[in-house]
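Hi,

Here's the structure I said I'd pass along.

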Amino acid sequence: LGDAEDHFDTLENRQKILVLWGHGGGMVMLDQDPAPGQHHSRASIVDFAEKLEVRSRSPQDPLRFDIIAFDSCYMGVLETMHQFRGFADYALVSSTVVDATGYPYKPIVANLIAKGPALDPALSADMIRNEYNSHYEKLGRLKRRYLFSCDLTRIGACAGALNGLGREISK
C-alpha cells in the first residue's frame, strides 16, 4: 500500500479507493509471485484492518481511503464495514448475491478518469454504485446484482441497532 501511495502521490487525484477481492478463504495477496507449487498468501481481514487503522493514525504519514470497494462475496457485511470505519469514509458492497463476476471496471474507470477529479468521495461512490447497478440491470432478472454505498461514519449506529435487535429477539 505504501508503494502504491508513493507511486500515485505525483498524480492529481481526488479520492483513494481500495478494492478488495476474495471469498470465504480470505484475502488473496496478488502482489506476490509464488514459487511453482505454492499458493498465494492469504490475509485475515481483521489483521489487515488493524494494520490499516494503525497506519491511518500515523502522525508522519497517515494513510486513509475515501472508498473501500468490496468486489465479490459477502466480505462487505456489516462486521467488515465496521472494522474498516476508522480509515475509510465509504464502503461499496453488494447486498444481494455472492458475485464472482465482479465490477464492470471498464466503464467505471472511464468515468473516474473523465469525472473523478471533479467529484468528492460521496459522489464517486455513488457513480460507481450507479454504473454497477446499471450494468447488472441490463443483464436481466437472473443476473441482477445490486451494490450500495455505505457512509462509514454511520456504521456504528447500524451495528448498535443490529445488536439491539439481537438482544430483543434473544429474549
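A quick definition before the rest: a residue counts as exposed when its relative accessible area is over 50%, as buried when that area is under 20%, and as partly exposed in between. Lys171 has a relative accessibility of 77%, so Lys171 counts as exposed. Its salt-bridge partner is Glu168, with the closest N and O atoms 3.4 Å apart. Glu168, at 48% relative accessibility, is partly exposed.

Keep in mind that this is a predicted model. Mean pLDDT for the protein chain is 81, and 77% of the residues get to 70 or more. Confidence is highest in helix α5 (residues 121-137), with a mean of 92, and lowest in strand β2 (residues 27-28), with a mean of 64.

On the overall layout, the protein chain has six helices and six strands. Starting at the N terminus, the order is α-β-β-β-α-β-α-β-α-α-β-α. Of the 171 residues, 35% are buried. If you take the contacts with a separation of 6 or more, 66% are between residues 24 or more positions apart. The chain exposes about 10600 Å², and 55% of that comes from carbon and sulfur atoms.

Back to the charged pairs. In general, side chains of opposite charge can pair when their charged atoms come close. The count here is four salt bridges, including the Lys171 and Glu168 pair above. Another one joins Arg57 and Glu53, at 2.7 Å from N to O.

One more thing to look at on the surface: which residues form the nonpolar patch? They are Trp21, Tyr105, Val109 and Ile113, and together they have about 400 Å² of accessible area. Helix α4 (residues 105-115) gives the most to this patch, with three residues. Tyr105 lies in that helix and is partly exposed, at a relative accessible area of 30%.

Cheers

Technical notes
Residues are numbered from 1 along each chain as its sequence is written. This is a predicted model: local features need pLDDT of at least 70, side-chain atom pairs count only at pLDDT 80 or more; totals for chains, interfaces and linings use all residues. Side-chain values use heavy atoms; hydrogens and water are left out. Patches are made of residues with over 30% relative accessible area and no salt bridge: like charges are joined within 9 Å, nonpolar side chains (Val, Leu, Ile, Met, Phe, Trp, Tyr) within 5 Å. Accessible areas come from the Shrake-Rupley method with a 1.4 Å probe; for residues, only the protein chains shown count as cover. A salt bridge is a side-chain nitrogen of Lys or Arg within 4 Å of a carboxyl oxygen of Asp or Glu. Helices (H or I, at least four residues) and strands (E, at least two) are DSSP runs, numbered from the N terminus. Buried means under 20% relative accessible area, exposed over 50%, partly exposed in between (1.4 Å probe, protein chains only). pLDDT is the predictor's confidence in each residue, from 0 to 100. Contact means heavy atoms within 4.5 Å.
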